[in-house]
Amino acid sequence: MSALLEIRGLRKHFESRGGLVRAVEELDLELERGARLGLVGESGCGKSTTARCIVGLERPSAGSIRLAGTELGTLTQKQWFPFRRRIQFVFQDPLAALDPRQRVGDAVLEPLVIHGIGKPRERRARVHELFEAVGLSQAQSERRAHELSGGQRQRVGIARALALEPEILVLDEPLSALDVSVQAQIVHLFGELAQRYSLAYLLISHDLARVRELCDEVCVMYLGRIVERGPAARLFASPAHPYTRALIAAVPSADPRLERERERILLAGEPPSPLDPPTGCAFHPRCPLRAEVPHQRCERERPQLRPDPEQAAHESACHLPLASHVSGSAAGRMLTDTKEALP
Amino acid sequence: MNDAWNALRANRAARVAALFLLALALASLFAPLLPLPSPAALALRDRPLAPAWPWEHFGAHGFTPEYWKLSWIDSQLVALRERIFGDWQTGPWLGTDAKGRDLLARIVWGSRTSFEVALLASLTSLVIGVSWGAVAGYAGGRVDNAMMRFVDLCFSLPFVFLVIFLIGVVNEYRAELERDFGIDRETVFYVLLGAFTWLTMARVVRGQVLSLKKREFVEAARVLGASRPRILFAHLLPNVLPVVLVYLTLTVPAVMLYEAFLSFLGLGIEPPKVSWGLLAVEGAEALTPLSFDWWLVLWPSLAIAATLLALNVLGDALRDALDPRLPELRR
């Protein structure tokens with residue numbers, strides 16, 4: 001089995017004044033053709049670093065990134081060139097990601113020029129087509145980034161990424177700089193475009209509601225590692241990892257009745273520093289369920305990703321078995337104890 | 001860029017400054033064509049003529065073409081002038097010097113030196129300074145280090161001392177230099193001036209490129225597959241341009257002043273050629289307790305001061321106009 005994009009044991013460390021920053025540790029990820037994968041987590045958990053490694057803006061410290069069997073992690077800039085067409089990137093802040101002195105039409109034209117696609121006239125037509133596809137008018141292509149609204153800018157960013165007809169689109173928090181109403185439009189646009197161009201995309205976000213809407217599969221990252229992954233519907237319905245549960249519980253609801261009943265899990269403290277990750281399970285200093293695992297196992301031993309016995313595609317990295325999460329009751333705790341006693 | 005242009009036009013001081021500079025540039029370019037007395041024509045008197053306003057003494061016949069060695073184009077222009085105006089010439093509107101040379105003509109012809117120096121400074125700043133700084137800033141690391149240490153090295157040379165030393169050497173061997181290498185003192189002076197003016201521009205551009213290259217739009221270009229030269233020329237340099245323009249309007253007056261200063265010290269342009277610095281020094285020498293020929297020092301100094309002021313006003317306005325925060329500041 002070989003996925004379109006296959007990441008194995010990806011690791012990215014940065015040298016900094018304070019020491020080694022372990023941004024990403026032993027990350028495994030697959031992206032099938034046409035798949036819609038979400039990557040969620042708090043800021044600083046390594047989501048963006050992962051994305052930047054995939055698109056070649058950072059060189060991985062270790063591990064492999066394979067695109068249809070070709071290793072990308074060790075390529076030189078020149079060798080990367082043909083793969084640029086296949087993997088494209090949408091930035092978080094569309095204003096920063098567009099050249100302030102360039103007309104946005106030229107920004108969308110640029111990838112076609114760089115890769116020598118088509119004759120000048122065909123390129124113009126293609127830009128026209130792309131502007132239409134993302135819902136911008138021809139007149140707007142003459143403007144510069146600062147003359148457009150946030151939503152329009154992000155549409156330009158998407159049009160530019162689509163110009164090369166990539167197989168994979170990596171979206172680094174493409175919505176977080178936008179108004180909620182504009183987010184909805186862009187979300188709609190993604191859905192449409194992904195189908196039209198049969199794109200696989202990796203959506204990086206901290207907005208769980210959007211990820212649920214836009215992705216079939218979700219990975220939850222904490223301090224550089226994936227702590228839970230699974231089909232979106234199942235992961236949101238029955239999150240296995242206490243961190244995922246806290247994330248989901250933190251999403252407010254617009255319905256006041258639901259909002260009152262919403263389970264609240266307050267995580268104590270800040271996420272730990274990737275300069276000095278905690279021993280054992282990285283989440284243990286903030287984990288509300290830590291006490292339920294005997295022998296201080298959380299502090300001593302790092303849990304591996306284990307599949308849910310009911311659905312193998314749903315994996316989580318926690319010493320507590322999935323069943324005990326359903327309720328934090330005494331019964332659940334007892335159940336935990338007996339299960340933990342088994343080998 | 002359009003916004004900047006409109007903002008610049010809305011600035012009245014800048015408009016006045018630009019018009020003044022334009023008029024001066026035209027006068028200087030077409031100096032041989034103007035019906036001025038020739039700047040080197042001597043009319044020996046014991047006293048310089050005081051200024052006579054145009055309504056007092058508008059002009060008279062008696063033009064005699066006397067110049068230093070002129071270029072082919074300039075001689076053609078002089079010939080054309082003689083065909084248009086005959087031997088008519090303006091009166092001594094700004095007075096004459098002790099040798100009877102018309103001061104207005106000398107100031108107009110002297111402005112050519114200032115513009116030559118300005119052009120030279122702009123060219124070296126733009127060509128050498130910008131590319132040096134851009135390459136150093138974009139390459140970074142060791143290349144950057146080496147290139148900028150070279151700039152530091154040049155900076156550490158005492159410029160005025162170097163000019164004095166080299167001009168002294170050139171003075172010693174000027175006949176040999178001219179005969180064997182075709183290098184005259186003026187060329188050496190220009191080369192020296194040019195060699196020093198690009199240094200600060202290189203530093204300014206390097207700093208800009210260093211900060212710009214970390215911006216996301218540069219990363220975006222990398223993801224698209226843009227080559228290094230493409231990123232440098234298509235994305236970094238256009239964004240450095242406003243700073244370069246503004247800086248240029250500050251460099252040019254500084255260099256003009258330098259030329260005037262060095263000519264004042266007798267190290268720059270040589271008689272019979274004129275420059276504003278030379279005119280100022282002649283004027284200053286003419287001020288004695290016995291003769292108070294104020295016009296000889298006032299008009300050249302005024303010309304220098306007005307030009308530098310206009311350039312500074314224009315540079316200031318340009319900086320404001322090109323500031324991307326301008327629309328918000330105006331609101």
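This is a predicted model: local features need pLDDT of at least 70, side-chain atom pairs count only at pLDDT 80 or more; totals for chains, interfaces and linings use all residues.
**Sheet, chain A**

I began with the strands. Four of them make up an open sheet in chain A, ordered E2-E1-E4-E5, with antiparallel pairing. I then looked for the edges. They are strand E2 (19-31) and strand E5 (70-71) of chain A, each of which pairs on one side only. I also checked how strand E1 (residues 5-16) of chain A meets E2(A). The two are antiparallel and share nine bridges. Across from Glu6(A) I found Glu30(A), a residue of E2(A).

**Contact between chains A and B**

Next I took the contact. I count 18 residues from chain A and 15 residues from chain B. On the chain A side, helix H2 (77-84), strand E6 (87-90), helix H3 (94-97) and helix H4 (104-114) each give at least two residues. Which element gives the most to this side? H4(A) does, with three residues. I sorted the chain A side by class and got 11 nonpolar, two polar and five charged residues.

**Helix H4(A)**

That sent me to H4(A). Is the helix mostly covered or mostly open? It is mostly covered, with nine of its 11 residues buried. Among the buried ones I noted Val104(A), Leu109(A), Glu110(A) and Ile114(A). I then asked what the buried residues of H4(A) pack against. In chain A I found helix H5 (120-133) and helix H6 (150-162). In chain B the partners are helix H9 (216-224) and helix H10 (228-264). Last, I looked past the end of the helix. Gly116(A) follows H4(A) and has a positive phi, near 60°.

Notes
Residues are numbered from 1 along each chain as its sequence is written. Chains are lettered from A and ligands numbered from 1 in the order in which they are written. Two residues are in contact if their C-beta atoms, placed from the backbone, lie within 7 Å. Helices (H or I, at least four residues) and strands (E, at least two) are DSSP runs, numbered from the N terminus. Ala, Val, Leu, Ile, Met, Phe, Trp, Tyr, Cys and Pro count as nonpolar, Asp, Glu, Lys and Arg as charged, and the others, Gly among them, as polar. Two strands pair if DSSP finds at least two bridges between them. A residue is buried if 20 or more other C-beta atoms lie within 10 Å of its own, exposed if 12 or fewer, and partly exposed in between; C-beta atoms are placed from the backbone.
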